[in-house]
Amino acid sequence: MKEIRGPRDLAINGAPPAFAEPLHVGRPNLGNRQAFMERVGRILDNQWVTNNGPMVQEFEQRVAERLGVKHCVAMCNGTIALEIAIRALGLEGEVIVPSWTFVATAHALYWQGITPVFADIDPATHNLDPAAVRSMITPRTSGIIGVHLWGRAAPIAELQAIADEHGLKLMFDAAHAFGSSYHGQNIGSFGACEVFSFHATKAFNTMEGGAVTTNHDELAEAMRLMRNFGFKGYDNVVHPGTNGKMIEVCAAMGLANLDDFDRIVETSQCNHFEYKQALAGIPGITVLDYNPAERNTHHYVVIEVGDKCPVGRDDLIAAMHAENILARRYFWPGCHGILPYRDLLPHAGLVLSNTIAVARRVLVLPAGANISTDQIRVVGDAIRVVASTS
Ligand code: T4K
């Protein structure tokens, strides 16, 4: 790694890049390799590789225990888990969601013929603004999907109050929020259900995977049927369904990673702190902070490039990429700005001023448990030098 002390050290000015290999956002947090391999051996010995095998059952039990929720229904990924939860809840017509989220939240509705109605966010938290949600309710609204973006809990109590008042169903996209809390209680048992993604890029991963957690017995039962074509026992289909099953190897990965999860979170928290130090005092650069009174995995280090920064966000990202620092603009430009929603809801942007402003400022930096303090220092130096030499 090179030292970046001034403009001449920058790759955009002809110097070699800071990193020989790309420094990624979203490197998988991997737990104990031997523990994983031992479980894979057991799967092969068992000759039971999918369809609600022993690893998946153990995984569901361990996750439910950890989150303090009655049911964990493991799925093949977070998107299918969202689709199944949406269908099991009977959502239809219009459902209110943030535009400022990964496109899977909106797609899971649209894929099922439901219109995602985009509500604006609170720019301080990047989560749904309850007042904006209220303003988007119509006679066709059947529900709300709150997203715990970056692992920070959505305004759960306020959204529940709105849902109760208007007879709407409320569920949460908790894709980023495994290990997070709301008023000290684990994310996982709020609303009618919560949906996790365990994709490789998440703080806690099963390579590909997801789950719906709920305290409602009937809902859990319906989702168990739906993820397995509606089968209840051999030759007996009792429900419409799809194939949403988690495979045994993914559950094995999850179990191995669960054992190391607390260590991984501790490292990510330290790395977030290192970033705050490395970026302190750079004009116009703010690091999105998490409420210290709540648990958060600190898996995402999100910065905002504001007006006081002499260089724009997109120029900064180009300079970072030249250094092989693959910072990302997640989830630019917001769901309302991408196909098919851009054409479907051409006026959506009119009510999304905070979303649009935040989407112009955000940059997500390589973080998690895999990055070293030295690498963080170099990323910080690169941003400081680029920002001061526009
Ligand atoms: N709701 C929300 C709010 C979500 O954020 C997501 C997923 C979902 C729902 C749906 O859940 P899933 O169906 O995915 O379970 C990634 C993920 O694919 C996606 O899971 C995630 N959110 C989204 C925020 O990010 P990309 O487009 O960033 O993937 P990609 O391939 O660019 O990977 C990111 C970086 O990670 C790469 O630069 C390299 C690194 N990487 C990635 C993989 C897969 C590795 O180093 N190793 C790997 O194995 O979407």
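## Close-up views of a predicted model

The shell around the ligand is made up of nine nonpolar, 12 polar and four charged residues. Here Ala, Val, Leu, Ile, Met, Phe, Trp, Tyr, Cys and Pro count as nonpolar, Asp, Glu, Lys and Arg as charged, and the others, Gly among them, as polar. The model is predicted: local features need pLDDT of at least 70, side-chain atom pairs count only at pLDDT 80 or more, and totals for chains, interfaces and linings use all residues. Residues are numbered from 1 along each chain as its sequence is written, and side-chain values use heavy atoms, with hydrogens and water left out.

**View A. The shell around the ligand.** Around the ligand stand 25 residues, of which Arg 27, Thr 79, Asp 173, Ser 197 and Tyr 330 come nearest; a residue is near a molecule if one of its heavy atoms lies within 4 Å of it. Helices α3 (78-89) and α4 (103-110) each supply at least two residues of this shell. The largest share, three residues, comes from α3. Helices (H or I, at least four residues) and strands (E, at least two) are DSSP runs, numbered from the N terminus.

View B. His 24 places a polar side-chain atom 2.9 Å from an oxygen atom of the ligand. For Val 25, a polar backbone atom is 2.9 Å from a ligand oxygen atom, and for Gly 26 a backbone N or O atom lies at 3.2 Å from one. The protein buries 75% of the 920 Å² that the ligand exposes when taken alone; accessible areas come from the Shrake-Rupley method with a 1.4 Å probe, and for residues only the protein chains shown count as cover.

**View C. The buried face of helix α9.** Within α9 (residues 313-322), Arg 313, Leu 316, Ile 317, Ala 319 and Met 320 are buried. Buried means under 20% relative accessible area, exposed over 50%, and partly exposed in between (1.4 Å probe, protein chains only). Seen down the axis of α9, the buried residues fall within an arc of 160 degrees, so they line one face of the helix; the arc is that of the directions from the helix axis to the C-beta atoms.

**View D. The setting of Arg 39.** Arg 39 belongs to helix α1 (residues 33-46) and is buried, with a relative accessible area of 9%. Apart from neighbours within four places in sequence, Arg 39 is in contact with Met 55, Glu 58, Ala 252 and Leu 255, where contact means heavy atoms within 4.5 Å.

Note on methods:
A polar contact is a pair of N or O atoms within 3.5 Å; within protein, one must be able to donate a hydrogen and the other to accept it, and residues adjacent in sequence count only if both atoms are side-chain atoms.
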